[in-house]
Amino acid sequence: MWALLVTLLAAAPASGHPPLSFEEAQAEAAKSALPASLARAVEARRVWDARLPALAANPTLSVIPGRRAQPDGPGFEVTVAVEQPLFLSDLAGAQRDAARAETRALEKEAVAALVERRLEVARAWLTLWAAQQAAASAAHEAALAETLRKSMAEALALGGATRLEVAEAEGFEAEARLSHLSRDAEVTQARLALAVLLGRPPGAPLTAAEALPVVALPPAAEEPRWLARAGELPAAEARRLLGAAERARAVEVRAARGWQVTLGAQGVREYYGGLSGLLTVGVTPPVFDSGQRERGALLASAERLDGEAQEAAVRAAAELAQAFHEREHTDAQLTLVEKSLVPAAEEAARLADVLLRAGQSTLPDVLRARRARAAANARLAFARGEASLAAARLHLLLSALP
């Protein structure tokens, strides 16, 4: 799973301000502040885990100089001693195990943060794409409304239209321009949201490329098999690994309070010039303090994290099930809009124009048909964005499974 995070640290888009593709946005998501900092944190933990020593305690070197008064005259003496504590409970091994458990949990947290950021970026990019498409459609409708208004004004001058029809055409043009302004505001809002997620300055030009993402998805028949593995998603797995790390730390605390043997050696220069050496052995049994205070807190935290992991697994299964459902639902919705709503609206608008020129329809009929066409085209843009988002979301969740 860690390979997922490493492989996504790809190069950023080239200089200049070309449209940002979905794939480039996903690559930038890995370089944004939080995922990138977590990646650096994991690498730092790995480096320092490899530097853990074989012995869990440092030696103690002591020098004791002195001057002894004797009947035959004072003399200088010095004692040099070195002591090395040894833990029979294998504290060094417990420290390495705890460090590895903490690093595994941090790795999974980093992957979970990256998956969440990629989901947020996918949603923001596709929202911007849909807003751009809707704005382009609104601009086209505004241009058509302007053309219609000019035609009505010319017809009025020639006596072929009434003042009421001109007023209706002017109102339709104003409505179309207001719709265009509203769509432009949606584009700005979506652009800012995407810029924040990618860590770009708010004023930087940012547009979504025309091409929608194409992702590989499993057939619907495989849904039960994937749902059975939902508990392995990073967000749920991270909580479980955090609980395991707490238990490993509790073992480390217990080992730090276990049986301890201190081996030492002393060299003494006596006041009269003689030299002597001593070996010392000390034993510290865990009679009273075995780390009860720290271990209690760590084990209690582990139990709490176990509960959080179980609930996170249930939420992950629900999220994955929802993703499968949204894929099916948005595909059906897009099919209906593409094959029924938009063609019907386009045909109605075309026929209304034809009938108006033939004198068999009125301007309000044309305006109603054009409003319906504009709404259908905007609905198509958002339906395409929603379908692509559902597919991308499902793809990202499944890709996060080991």
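Here are legends for a handful of close-up views of this predicted model.

Local features are given where pLDDT is at least 70 and side-chain atom pairs only at pLDDT 80 or more, while totals for chains, interfaces and linings use all residues. Residues are numbered from 1 along each chain as its sequence is written, and side-chain values use heavy atoms, with hydrogens and water left out.

View 1. Phe 22 belongs to helix α2 (residues 22–31) and Trp 125 to helix α4 (residues 91–157), so the pair ties together parts 103 residues apart in sequence. Helices (H or I, at least four residues) and strands (E, at least two) are DSSP runs, numbered from the N terminus. Both Phe 22 and Trp 125 are buried, meaning under 20% relative accessible area, as against exposed at over 50% and partly exposed in between (1.4 Å probe, protein chains only).

**View 2. Ala 124 sits in helix α4.** Ala 124 is buried, at 8% relative accessible area. Neighbours within four places in sequence aside, Ala 124 is in contact with Leu 194 and Leu 197 (contact: heavy atoms within 4.5 Å).

**View 3. Two arginines over tryptophan rings.** The charged end of Arg 51 sits over the ring of Trp 48, 4.4 Å from its centre. Arg 225 lies over the face of Trp 226, at 4.8 Å from the ring centre. The rule here: NZ of Lys or CZ of Arg within 6 Å of the ring centre and within 35 degrees of the ring normal.

**View 4. Helix α5 (residues 163–198) alongside helix α9 (residues 363–399).** Their axes come within 10 Å and cross at roughly 10 degrees, which makes α5 roughly parallel to α9. Axes are lines fitted to C-alpha atoms, for helices over the stretch in contact, and angles run from 0 to 180 degrees between N-to-C directions; under 35 degrees is roughly parallel, over 145 roughly antiparallel, 65 to 115 roughly perpendicular and the rest oblique. Residues making the contact include Phe 172 and Arg 183 of α5, plus Leu 367 and Phe 382 of α9.

**View 5. Gln 260 in strand β3 (residues 260–269).** Gln 260 counts as buried at 18% relative accessibility. Residues up to four places away in sequence aside, Gln 260 touches Pro 85, Leu 86, Phe 87, Gly 282, Val 283 and Thr 284.
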